Amino acid sequence: MHRALSDISVAGDPLAVPHLLPPVAQHPATVADFSGLARAIAEDRGRWAPLVDYDTTTRWYARLATGPGYEVWLLSWLPGQGTGLHDHGQSSGVLTVLQGELTERALGASGETRRTLGADDQRVFAPGYVHGVVNDSLEPAVSLHIYFPGLTEMTPYTSCSAPSGRERESVHD
Ligand SMILES: [Fe+2]
């Protein structure tokens, strides 16, 4: 004999009474949500592949989407293109490689770490995270960047110890 898990039951189709269903999150609100959003976009190749463009003079980027308090950017990297060390102001972020390979150099309390990021690899970072990213491979690369809140300021760094200035930049990476 089965024991009822609850003494409350809903007769009929619960979809017919939507006010009884739990609310559906319309926009990401946690780090896991943003990570999941990046994964979902990565899998939806038709959404981002047409926007990929390679510019021999600079990294090329396009804003793929915006939502309340966040922005999604698509970056295209030719071999050798990269950033210097920088932070992301007050923004947290999720970096996801969509295609190709990128090399990330990050500065932390224990010094510098370097890692190679391949397709589907993801890095999540908080405000204050300092890194530089470069396409060290011989093939073009594409990456997806979500910033929350949207990126408004980046400080470039020239050494492990100090920022090179409090300049505002408009680049995204
Ligand atoms: Fe960055």
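## Exercises on a sheet, its core and its loops

Leucine 75 has serine 143, in β9, as its bridge partner. The model is a predicted one: local features require pLDDT of at least 70, side-chain atom pairs count only at pLDDT 80 or more, and totals for chains, interfaces and linings use all residues. Residue numbers start from 1 along each chain as its sequence is written.

**Exercise 1. Which elements does the protein have, and in what order do they run from the N terminus?**

Step 1. Count the elements. There are two helices and 10 strands. Helices (H or I, at least four residues) and strands (E, at least two) are DSSP runs, numbered from the N terminus.

Step 2. Read the order. It is α-α-β-β-β-β-β-β-β-β-β-β.

**Exercise 2. State the strand order of the open sheet, and find which strands stand at the edges.**

Step 1. Trace the order. Five strands run β1-β2-β9-β4-β7, with antiparallel pairing. Two strands pair if DSSP finds at least two bridges between them.

Step 2. Locate the edges. β1 (60–67) and β7 (122–125) each have a single partner strand, so one side of each lacks a neighbour in the sheet.

Step 3. From one strand to the next it averages 15°. Angles run from 0 to 180 degrees between N-to-C directions, and axes are lines fitted to C-alpha atoms, for helices over the stretch in contact.

Step 4. Place the helix. α1 (residues 31–43) packs on the sheet and touches β2, β4 (92–99), β7 and β9. The direction of α1 makes about 150° with that of β9. Contact requires C-beta atoms, placed from the backbone, within 7 Å.

**Exercise 3. How many bridges does β4 form with β9, and how many with β7?**

Step 1. Take β9. Seven bridges pair β4 with β9, in the antiparallel sense. In this pairing, glycine 93 has tyrosine 147 of β9 as its bridge partner.

Step 2. Take β7. Four bridges pair it with β4, again antiparallel.

Step 3. Check burial. Seven of the eight residues of β4 are buried, so β4 is largely enclosed by the rest of the structure. A residue is buried with 20 or more other C-beta atoms within 10 Å of its own, exposed with 12 or fewer, and partly exposed in between; C-beta atoms are placed from the backbone.

**Exercise 4. Which residues of the largest nonpolar core touch the most other members?**

Step 1. Name them. In this core of 24 residues, they are Phe34, Ala38, Leu144 and Ile146. A nonpolar core is a set of buried Ala, Val, Leu, Ile, Met, Phe, Trp, Tyr and Cys residues joined through C-beta atoms within 7 Å.

Step 2. Find the contributors. α1, β2, β4 and β9 each give two or more residues to this core.

Step 3. Examine leucine 144. Beyond four places in sequence, its contacts are Ala38, Ile41, Ala42, Trp48, Val72, Leu74, Thr96 and Leu98.

Step 4. In soluble globular proteins, nonpolar side chains tend to be buried together.

**Exercise 5. Is glutamate 104 buried or exposed?**

Step 1. Locate it. Glutamate 104 is in strand β5 (residues 102–108).

Step 2. Apply the count. Glutamate 104 has 20 other C-beta atoms within 10 Å, so it is buried.

Step 3. List the contacts. Beyond four places in sequence, glutamate 104 touches Arg115, Leu117, Arg123, His131 and Val133. Its C-alpha lies 7.2 Å from that of leucine 117, which is 13 residues away along the chain.

**Exercise 6. Where do aspartate 87 and aspartate 120 lie?**

Step 1. Aspartate 87 sits in the loop between β3 (85–86) and β4. It has 19 C-beta neighbours inside 10 Å, so it counts as partly exposed. Aspartate 87 and glycine 128 are 41 residues apart in sequence, yet their C-alpha atoms are 6.0 Å apart.

Step 2. Aspartate 120 sits in the loop between β6 (111–117) and β7. Its phi is near 80°, a positive value in a residue other than glycine.

**Exercise 7. Which residues does the cis peptide bond join?**

Step 1. It joins phenylalanine 148 and proline 149, with omega about -5°.

Step 2. Proline 149 lies in the loop between β9 and β10 (156–157). Most peptide bonds are trans.

**Exercise 8. Over which residues does pLDDT stay under 50?**

Step 1. Take the average. The protein averages a pLDDT of 85, and 77% of the residues score at least 70. pLDDT is the predictor's confidence in each residue, from 0 to 100.

Step 2. Find the stretch. pLDDT stays under 50 over residues 164–171.

Step 3. Apply caution. Where pLDDT is low, the predicted coordinates should not be read in detail.

How values were computed: Two residues are in contact if their C-beta atoms, placed from the backbone, lie within 7 Å.
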